[in-house]
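Welcome! Here is a short tour of a few residues, written for someone meeting this structure for the first time.

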Amino acid sequence: MPEIVIPDDVYDALELPEAERESAVRRELAVTLYDRGILSFGKARELADLSKVEFHRLLGDREVPRHYTTQEFDEDVEYARG
């Protein structure tokens, strides 16, 4: 799996406890890439390592609108019909 290398001085400059740094960077990257339309909801959620509910909540907290495609709507309708 490809890795993103963060320079040590940048990593050390993160004003977070070390145990929280990786997850925080993953969440920030996921939200930004989703907001810009570069990643789908599912892939951004996977990158953030959050459940659907948790990622929805994170997007809401950041006031990032949900990109809801016609295909997703059709899938939700089909699912609701059973």
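## Two loop residues

Asp49 sits in the loop between helix 3 (41-48) and helix 4 (52-61); helices here are DSSP runs of H or I with at least four residues, numbered from the N terminus. Its phi is near 60 degrees, a positive value in a residue other than glycine. Most residues other than glycine have a negative phi. Asp49 counts as exposed because its relative accessibility is 63%; buried means under 20% relative accessible area, exposed over 50%, and partly exposed in between (1.4 Å probe, protein chains only).

Glu63 lies in the loop between helix 4 and helix 5. Although Glu63 is not a glycine, it has a positive phi of about 60 degrees. With a relative accessible area of 72%, Glu63 is exposed.

## About the model

This is a predicted model, where local features need pLDDT of at least 70, side-chain atom pairs count only at pLDDT 80 or more, and totals for chains, interfaces and linings use all residues. Residues are numbered from 1 along each chain as its sequence is written, and side-chain values use heavy atoms, leaving out hydrogens and water.

## A buried arginine

Is Arg21 buried or exposed? Arg21 is buried, because its relative accessible area is 11%. Arg21 belongs to helix 2 (residues 18-35). Setting aside neighbours within four places in sequence, Arg21 is in contact with Tyr11, Asp12, Leu14 and Leu16, where contact means heavy atoms within 4.5 Å.

## A residue in helix 5

Asp74 is part of helix 5 (residues 70-81). Asp74 counts as partly exposed, because its relative accessibility is 46%.
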